[in-house]
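Subject: Structure for your study

Dear colleague,

Please find below the structure that I am handing over to you. I would ask you to keep it open while you read the notes that follow.

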Amino acid sequence: MVTWQMAEEQNRLLRESVRQIARTRVAKRAAEIDRAGVFPWDMAELFAQQGYLSLMLPEEYGGMDGSITALCIVAEEIAYACGSSSLMILAHSVGLMPLMIAGNREQKAYFYDRVAKGHALAAFALTEAEAGSDAASLKTVARAEGDFYIVNGRKCFVTNGGAADLYSVFVTTDPSKGKQGISVLMVEKGTKGLTIGKREEKLGMRGSDTTDLIFENAVVPKENLIGGEGRGWELAMMTLNLSRPAIGAQAVGIAQGALDFALEYATKRVQFGQKLADFQGLQFMFADMATKIEAARALVYKAAALLDEKVYERDRMSAIGVDKLSAMAKCFASDVAMEVTTDAVQILGGYGYLRDYPVERMMRDAKVTQIFEGTNQIQRVIIARNLFKKFWTKDVH
Ligand SMILES: Cc1cc2nc3c(=O)[nH]c(=O)nc-3n(C[C@H](O)[C@H](O)[C@H](O)COP(=O)(O)OP(=O)(O)OC[C@H]3O[C@@H](n4cnc5c(N)ncnc54)[C@H](O)[C@@H]3O)c2cc1C
């Protein structure tokens with residue numbers, strides 16, 4: 001059994017080793033990945049070798065048994081150096097979560113093997129053009145036919161879209177049932193009838209691969225259904241509860257990277273005969289930036305620790321408020337990342353606005369953390385709904 005102290009020590013060692021990789025090997029590539037806007041396959045291979053793509057897997061597959069704290073540590077440390085690279089790991093891990101939560105023994109053995117031995121990348125395909133924040137109104141349909149589902153529809157904004165080998169795809173198996181008709185299928189690259197749409201040109205996270213997935217009479221074996229028909233919405237919500245702290249961790253990493261760069265810059269740049277670091281007006285900015293990052297980090301790892309108590313069951317999640325904390329962590333940390341990176345650009349003055357320095361990339365990368373995995377407006381809807389819940393229902397206290 002893993003005790004609390006053992007887990008702490010394991011996490012400390014993990015952070016040390018990821019930090020070393022991030023600050024030596026990943027940091028070197030970050031500017032070029034952004035400039036080229038091409039998926040960094042060398043980073044994918046590095047992360048597979050380091051075991052970062054297996055984090056969600058059970059220990060016998062070299063993983064950390066779905067530890068959200070471990071995922072947060074990896075996301076934070078890699079994001080410190082390169083947002084796009086950390087997003088690859090996050091989208092992959094999120095793509096595996098429905099399987100991790102509700103896959104059966106055969107499904108886990110098959111897909112985990114593909115990840116651990118075959119270095120297969122995963123992706124999570126929920127969003128559609130007409131179903132963004134209102135994801136439950138998705139229209140991609142899976143019609144049962146013998147041993148297969150015939151899938152038709154189009155997913156958009158799929159991170160790792162072109163690079164992934166495995167997709168968890170949210171479909172309706174019964175459009176008459178609304179949310180209760182949503183199901184999730186593991187779909188493999190190469191499936192007949194599945195094509196990858198164009199790669200999106202983005203403001204930030206430019207090395208991340210964002211594409212449509214187009215299903216035209218795609219043939220998916222019924223054995224790839226995760227958790228049974230009609231469980232898709234529940235699994236999507238559970239997945240997002242698990243993954244939101246990790247998005248928060250990514251935001252914390254980006255913010256810390258920007259703060260550290262600005263701190264060093266301020267000790268070197270001289271104006272009015274003194275270093276920028278000696279202006280009290282800037283010192284106060286630094287103090288606020290650092291304080292916000294620490295607050296965000298505390299919230300992120302508190303939410304992660306609660307999730308690691310394996311409160312995966314939806315009722316328990318809701319009862320102890322994990323969904324609220326998870327939303328708070330994502331929302332607060334991503335707002336902090338946007339504020340801190342914008343301030344870092346300001347502190348560098350005109351140079352902050354140039355591609356020669358990393359803070360403008362960090363600012364562009366930070367923006368999307370306020371948008372994906374549910375926009376921050378949606379996170380506030382979730383938080384507020386939790387706050388008012390006891391007034392709206394009689395049986396919950
Ligand atoms: C780079 C990137 C990567 C992504 N990766 C993935 C992925 O891997 N898988 C995936 O499935 N999706 C992914 N997404 C999609 C992302 O989750 C959606 O973009 C997001 O949920 C918002 O949906 P939308 O873009 O349709 O905006 P809309 O839903 O159209 O929202 C537009 C605006 O209205 C606001 N709004 C909407 N509803 C409400 C409300 N009820 N109350 C208050 N305000 C509201 C929103 O906050 C937003 O400001 C990604 C997006 C981006 C940009």
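Two strands are said to pair if DSSP finds at least two bridges between them. With that in mind, please note that this is a predicted model, and that strand β3 pairs with strand β7 (residues 210-221) in the antiparallel sense over nine bridges. Within this pairing, Arg154 stands opposite Ile214 in β7.

Strand β3 (residues 148-159) also pairs with strand β2 (residues 141-145), again in the antiparallel sense, over five bridges. Here Ala144 is the residue that stands opposite Tyr149 in β3. The hairpin of β2 and β3 has two residues between the strands, and Gly146 takes a positive phi near 60 degrees there.

Let us turn to the domains. The domain assignment divides the chain into domain 1 (4-121), domain 2 (123-226) and domain 3 (232-392). Between the C-alpha centres of domain 2 and domain 3 the distance is 29 Å. In domain 2, Phe124, Leu203 and Met205 lose the most area to domain 3, and together they make up 42% of what that side buries.

How many residues of each domain take part in the contact between domain 2 and domain 3? On the side of domain 2 there are 15 residues, and they are in contact with 15 residues of domain 3. The size of an interface is often given as the accessible area lost when the parts come together. Between domain 2 and domain 3, the buried area is about 1,200 Å², and carbon and sulfur atoms give 76% of it.

The count of salt bridges between domain 2 and domain 3 is zero. Polar contacts between these two domains come to three residue pairs, with both residues at pLDDT 80 or more. Strand β5 (residues 182-188) gives the most to the side of domain 2 that touches domain 3, with three residues.

The salt bridges deserve a section of their own. A search of the whole structure finds 26 of them. In one of these, Glu77 is joined to Arg15, and the closest N and O atoms are 2.7 Å apart. This pair links distant parts of the chain, with Glu77 in helix α3 and Arg15 in helix α1, 62 residues apart.

Is Glu77 buried or exposed? Glu77 has a relative accessible area of 2%, so it counts as buried, the limit for that class being under 20%.

Arg15 and Glu77 also belong to a network of salt bridges, in which they are linked with Arg19, Arg23, Glu76, Glu294 and Arg297. Leaving aside residues up to four places away in sequence, Arg15 touches Ile73, Glu76, Glu77 and Tyr301. By contrast, the C-alpha atoms of Arg15 and Thr172 are 40 Å apart in space, and the two residues are 157 residues apart in sequence.

Ser17 is also found in helix α1 (residues 4-36). Its relative accessibility is 37%, and Ser17 therefore counts as partly exposed. Ser17 and Glu77 are 60 residues apart along the chain, while their C-alpha atoms are separated by 9.6 Å.

A further salt bridge joins Arg364 to Asp34, with 2.8 Å between the closest N and O atoms. This pair, too, links distant parts of the chain: Arg364 lies in helix α10 and Asp34 in helix α1, 330 residues apart. Both of these residues are buried.

Helix α10 (residues 359-367) is itself mostly covered, as seven of its nine residues are buried. Those residues are Val359, Glu360, Arg361, Met362, Arg364, Asp365 and Ala366. What covers them includes α1, α3 (68-81), α4 (83-102), α6 (232-266) and α9 (322-347).

Why does Asp174 count as partly exposed? The reason is its relative accessible area of 24%, since partly exposed residues fall between the 20% limit for buried and the 50% limit for exposed. Lys177 has a relative accessible area of 49%, so it is partly exposed as well.

Yours sincerely,

A colleague

Note on methods:
Residues numbered from 1 in each chain as written. Predicted model: local features only at pLDDT ≥ 70, side-chain atom pairs only at ≥ 80, totals over all residues. Heavy atoms only, no water. Helix = DSSP H or I, 4+ residues; strand = E, 2+ residues; numbered from the N terminus. Buried < 20%, exposed > 50% of the residue type's maximum accessible area, 1.4 Å probe, protein only. Contact = heavy atoms within 4.5 Å. Domains from an automatic or database assignment. Buried area = accessible area lost by both parts, 1.4 Å probe. Salt bridge = Lys/Arg side-chain N within 4 Å of Asp/Glu carboxyl O. Polar contact = N/O pair within 3.5 Å; in protein donor to acceptor, adjacent residues only side chain to side chain.
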